[in-house]
Amino acid sequence: MFYLKMETESRTLSMSCWDSSDRKKLTSTASNETRSKQSSWYSYVSHHVFLDEQSFLAELIEIYTRLLQDMLAAAMDSSAATIDWTLAELIRHPRVTKKLQTEIESVVGMKRMVEESDLEKLEYLNMVTKESFRLHPVAPLLVPHAAREDCTVNGFHIPKDARILINAWAIGRGRRVWTDADKFYPERFVGTDIDVRGQNFQLIPFGSGRRGCPGMQLALTMVHLVVAQLVHCFDWDLPDEMLPTELDMAEDFGLVCPRANNLLAIPTWRLDT
Ligand code: HEM
């Protein structure tokens, strides 16, 4: 077993490999003068025999690139698709948009844009995004998991190594759990403490438990802030006199579930400044 240590200082990035038993440094990609301000440890089980330092370093760089690619892919497409779906639902439901604009105006006014510090005061915004996550979880089957040992859940036997897909999309629309399940109705959350953070299994757009989404807090902040700013700064109209009810809501169903077709809408500035 090796450990990878990644260190950053301003724009210098270094990776080093340490032996797991005595944490002895085996090799490093950056010069010794790099003093680390931040560092993190990643365990890495290696089955490779590294013949020379160069091939070892090539392997390290590939792993690091894959880690960064995974983080970027997991972060950007999911948040963008959620914002896209939320805006589409708001355009389809002018009553909800008006109510949300009124809430934001009462907290922020019309002379400045919404800031991160305003978000905790925007309760209806929170309900709107929950409702959007319920109907449009961008990872409809979460990420495939596997059972490490035989177990029984709710009377169902799950054998060791079984591949498990959790259908968050179907759970969010389950008729036994949700009244008028297909309707976009944020008020359903009034007086409930149902949240998207993995504690309430009827709403799990970020998964739950140890392998739940580690970027959830960042994602929630981004989604709330961007949706609030889009709705506060602009009124949104559909092109060609299309009615809100005619807006196409087809899904591109796959491992992620974005809109099948681009959302086309016309913004009109509405702030005083
Ligand atoms: C609206 C935005 C997002 C949604 C809906 C979302 C949803 C999810 C879901 C459902 C999973 C799988 C959880 C499971 O299978 O139990 C996941 C995993 C993951 N997410 Fe997110 N995510 C979002 C944003 C982000 C952001 C902003 C980041 C990083 C900054 C991120 C990083 C990750 C990573 C690294 C994993 C894999 C975790 C693991 O395998 O242990 N996600 N996400």
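In this predicted model, T97, L100, Q101, I104 and V108 of helix α2 meet A228, V231 and H232 of helix α5, where a contact is a pair of C-beta atoms, placed from the backbone, within 7 Å. By class, this contact has five nonpolar, three polar and no charged residues; Ala, Val, Leu, Ile, Met, Phe, Trp, Tyr, Cys and Pro count as nonpolar, Asp, Glu, Lys and Arg as charged, and the others, Gly among them, as polar. Helices here are DSSP runs (H or I, at least four residues), as are strands (E, at least two), numbered from the N terminus. Residues are numbered from 1 along each chain as its sequence is written. Since the model is predicted, local features need pLDDT of at least 70 and side-chain atom pairs pLDDT 80 or more, while totals for chains, interfaces and linings use all residues.

Now for the ligand: 22 residues surround it, and L142, G207, C213, G215 and A219 are the closest (the cut-off is a C-beta atom, placed from the backbone, within 6 Å). Helix α1 (53-92) and helix α5 each supply at least two residues of this shell, with α1 giving the most, seven. Sorted by class, the shell holds 14 nonpolar, six polar and two charged residues.

Most residues other than glycine have a negative phi. N154, in the loop between β6 (151-153) and β7 (156-158), has a positive phi of about 50 degrees although it is not a glycine. N154 counts as exposed because it has 4 C-beta neighbours inside 10 Å (exposed is 12 or fewer, buried 20 or more, partly exposed in between, with C-beta atoms placed from the backbone).

Definitions and conventions
Contact = placed C-beta atoms within 7 Å.
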